[in-house]
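Subject: Structure for your files

Dear colleague,

Here is the structure I said I would pass on. My notes follow below it.

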Amino acid sequence: MQSPLFCVLNRQYVVPELKEAATALSRHMDQAFPETTTLALDANFPFFDGFPLFPHLSHSDGRKLDVAFFYQDAEGSYKDRATRSPIGYFAFEQPRAESILPCRDREDLLTLRWDLDFLQSLWQPLPLEEGRTAEALRWLSGEGSGFGIEKIFVEPHLAQRLGVEAESIRFQGCRAARHDDHIHMQVGK
């Protein structure tokens, strides 16, 4: 887990299939990039299916897990176990000028898609480690399907930037939380 806080708050529970997939992803990342640590963020509560894990709309059945992006320092060296924010969320990768932005100019009243512009300057200025992050997405959408991975959420501008494309890599919609600060993975039933 990225932080002991996720465990203290009972937000780390997953079904056995997802645990196996997450472990396989972590192993793959360490083999592809030695000494790489894959950090899990939010998963699910242990109590019973259907209990909401705010602010997530879908983390309620043990089949969803968020994984932190990989980062590097200003010199371009991988920073193990690093996230830009203290909990791995809300430090968004900013889209480039030519990026795909399906939610541009929308002003939905009921939404969990928070931009949190006021927080962005508070986070560590760590660049995204694109090679590792892209490899995680490639593995999840390829070999990960053999472990039951059916859906991966990441913002379209990041998928475009990282050069990853697969049927399982999807956009979560304009009313759900942004996914340009983490990868959401989920197994089917």
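**Strand pairing and the sheet**

Ile 152 stands opposite Met 185 in β6. This pair belongs to the antiparallel pairing of strand β4 (residues 149-153) with strand β6 (residues 182-187), which runs over 4 bridges. Two strands are taken as paired if DSSP finds at least two bridges between them. Across these two strands, Ile 149 also faces Val 187 of β6. The pairing between β4 and strand β5 (residues 169-170) is parallel, over 2 bridges. There, Phe 153 has Arg 170 of β5 as its bridge partner.

Together these strands sit in an open sheet of 4 strands, in the order β1-β6-β4-β5 and with mixed pairing. Its edge strands are β1 (64-68) and β5, each of which pairs on one side only. As a general point, side chains in a regular strand alternate between the two faces of the sheet.

**Source and conventions**

The model is predicted: local features need pLDDT of at least 70, side-chain atom pairs count only at pLDDT 80 or more, and totals for chains, interfaces and linings use all residues. Residues are numbered from 1 along each chain as its sequence is written, and side-chain values use heavy atoms, with hydrogens and water left out.

**The chain as a whole**

The chain has 5 helices and 6 strands, in the sequence order α-α-β-β-β-α-α-β-α-β-β. Its radius of gyration is 16 Å, close to the 16 Å that the globule rule gives for 189 residues, so the chain is as compact as a globular protein of that length. The radius is taken over C-alpha atoms, and the rule is 2.2 Å times the number of residues to the power 0.38. Helices (H or I, at least four residues) and strands (E, at least two) are DSSP runs, numbered from the N terminus.

Along the principal axes, the C-alpha atoms fill a box of roughly 45 × 40 × 35 Å. Of the 189 residues, 50% are buried; buried means under 20% relative accessible area, exposed over 50%, and partly exposed in between (1.4 Å probe, protein chains only). The accessible surface of the chain is about 9800 Å², and 53% of this belongs to carbon and sulfur atoms. Areas come from the Shrake-Rupley method with a 1.4 Å probe.

Among contacts with a separation of 6 or more, 76% are between residues 24 or more positions apart; a contact means heavy atoms within 4.5 Å. The chain carries 20 positive and 28 negative charges, whose mean positions are 3 Å apart. Lys and Arg count as positive and Asp and Glu as negative, while His and the chain ends are not counted.

**Backbone angles**

Asn 10 is partly exposed, at 26% relative accessible area. Arg 81, in the loop between β3 (78-79) and α3 (117-120), likewise has a positive phi of about 60° without being a glycine. For reference, most residues other than glycine have a negative phi.

Arg 178 is in the loop between β5 and β6 and is buried, with a relative accessible area of 8%. What does Arg 178 touch beyond residues up to four places away in sequence? The list is Phe 92, Glu 93, Gln 94, Arg 113, Trp 114, Asp 115, Glu 155 and Gln 172. Asp 115 is 63 residues from Arg 178 in sequence, with the C-alpha atoms 7.8 Å apart.

Gln 72, in strand β2 (residues 71-72), counts as buried at 18% relative accessibility. Leaving aside neighbours within four places in sequence, Gln 72 is in contact with Ser 77, Tyr 78, Lys 79, Leu 126, Pro 127, Leu 128 and Glu 129. Gln 72 and Leu 128 are 56 residues apart in sequence and 6.2 Å apart from C-alpha to C-alpha.

Glu 135 is placed in helix α4 (residues 130-141) and counts as buried at 19% relative accessibility. Not counting residues up to four places away in sequence, Glu 135 touches His 28, Met 29, Ala 32 and Phe 33.

Regards

Terms used
Charge placed at Lys NZ, Arg CZ, Asp CG, Glu CD.
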